[in-house]
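Have the picture open as you read.

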Amino acid sequence: METHREKNIIKIIMKMGVAGMAETGLSNQGEQEFGACEALSLSYEDWQEKVRAWNEPRFRADQITRWIYVQKVFDCHEMSNLSKGLREKISYELLMTLPILIQEQKSKDGTFKYLWQMADGQRVESVILNHGGYTTACLSSQVGCPLACSFCATGGMGFVRNLTSAEILGQFLMMERRAVELLTGKGNGINNVVFMGMGEPFLNMDDVFASIRTLQHPKMRALGARHITISTSGVIPGILALADFELPVRLSVSLHAPNDVLRSKLMPVNKTYSLSSLIEALRHYKEKTKERVTFEYVLIEGVNDDPQLAYEMAALLDGLEPYVNLIRYNPVPGKEAYKRSSETRVKAFCAALKELRIEFEVRQEKGTDIMAACGQLAVSANRK
Ligand code: SAH
Ligand code: SF4
């Protein structure tokens with residue numbers, strides 16, 4: 001019987017011809033049922049350890065990580081400044097399983113949505129947004145999501161599994177290579193990363209944090225400190241860990257309702273982490289990191305868009321110097337009861353926030369025509 005990986009390789013050949021083989025990784029010969037190590041899961045320190053074990057000079061680690069994370073060359077046989085012997089060692093010990101591109105869709109506004117297949121056949125979506133000369137990658141952290149927010153397409157598909165750090169980085173690398181090809185051809189890649197795709201990043205902390213360390217490491221992808229945002233539905237252990245680990249990222253909290261009754265209806269996670277405990281954790285986070293927190297608030301007609309709720313929100317967030325991102329609800333098939341707030345109601349909510357001197361913006365929606373906007377990512381089983 002074919003293994004998953006063999007199936008994937010066959011699909012790549014079918015899709016792209018033999019050249020597509022390189023997509024499957026650093027090594028084809030080196031793959032073994034045991035002992036083979038996933039190259040994208042290696043930290044910079046792991047690479048240093050590897051080259052030491054191979055009796056190679058230290059700078060080899062820099063060369064290899066540059067090939068992968070800067071040049072986006074994934075086949076070690078193409079890493080031309082490495083000796084043949086070293087390429088063979090890499091090829092023997094490591095493999096790189098990049099996500100396979102199943103579908104690419106382009107929106108009218110220049111947003112791209114990608115459907116990826118992982119080595120075990122599971123699929124996730126991720127998005128590239130272009131705005132004001134900057135390119136942002138929206139990454140998934142889980143296949144599905146267990147938190148089942150009532151308005152969210154990902155929540156509606158249930159939870160399958162966490163993504164590994166290699167799978168998270170795989171989405172980024174494949175999209176960056178594509179972004180360079182598609183957008184500029186000048187080598188300008190992705191400027192920002194947001195963990196706002198499928199899944200709750202703080203339910204997959206180890207792998208999300210490992211992928212961020214790689215993206216930020218000066219010898220790996222060297223993405224700037226202020227250029228990565230984690231969005232959470234309010235998973236407190238993640239907020240506390242972020243405060244402790246001194247990982248320089250921005251934090252965004254999906255609030256969507258300023259009281260427990262309404263929030264628990266929309267977001268079952270609120271029954272585990274109530275608003276008062278969430279606010280306490282955020283106060284601790286702010287004190288420890290001196291960072292300002294952004295709050296996301298999706299406006300749903302007649303559900304959470306009464307201006308009175310803006311007043312409740314102001315009282316709840318008092319002292320946190322909040323920045324509020326208002327999101328127009330993006331329609332989700334099967335959730336027709338939820339509708340985007342009318343422009344009159346959006347204006348009324350904004351007017352209340354202004355009066356309360358809460359800083360806010362209404363997020364410009366992107367990619368709705370290809371179901372690539374916030375909360376619209378989902379992979380249905382029958383599309384496999
Ligand atoms: N799980 C994380 C990150 C992914 S969702 C979180 O919930 O924060 C990214 C953002 O999209 C969240 O603020 C989420 O609440 C919001 N969202 C979900 N469904 C939406 C929809 N249909 N329309 C607009 N925003 C939505
Ligand atoms: Fe999960 Fe976020 Fe969707 Fe809620 S909004 S179901 S936490 S992905």
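This is a predicted model: local features need pLDDT of at least 70, side-chain atom pairs count only at pLDDT 80 or more; totals for chains, interfaces and linings use all residues.

Residues are numbered from 1 along each chain as its sequence is written, while chains are lettered from A and ligands numbered from 1 in the order in which they are written.

**Around the ligands**

- A residue counts as near a ligand if its C-beta atom, placed from the backbone, lies within 6 Å of it.
- Ligand 1 is surrounded by 17 residues, and the closest are Cys 152, Ser 254, Asn 330, Cys 374 and Gly 375.
- Two elements, β10 (228–232) and β12 (294–299), each give two or more residues to that shell; strands are DSSP runs of E with at least two residues, helices are runs of H or I with at least four, and both are numbered from the N terminus.
- The shell of ligand 1 has nine nonpolar, six polar and two charged residues. Here Ala, Val, Leu, Ile, Met, Phe, Trp, Tyr, Cys and Pro count as nonpolar, Asp, Glu, Lys and Arg as charged, and the others, Gly among them, as polar.
- Residues around ligand 2 include Cys 145, Cys 149, Cys 152, Glu 200 and Ser 254.
- The shell of ligand 2 divides into five nonpolar, five polar and one charged.

**Two positive phi angles**

- Most residues other than glycine have a negative phi.
- Asn 55 has a positive phi, near 55°, and sits in the loop between α2 (44–53) and α3 (59–71).
- His 256 also has a positive phi, near 65°, in the loop between β11 (250–254) and α9 (260–266).

**Buried or exposed?**

- A residue is buried if 20 or more other C-beta atoms, placed from the backbone, lie within 10 Å of its own, exposed if 12 or fewer, and partly exposed in between.
- Asn 55 counts as exposed because it has 8 C-beta neighbours inside 10 Å.
- His 256 counts as buried because it has 24 such neighbours inside 10 Å.
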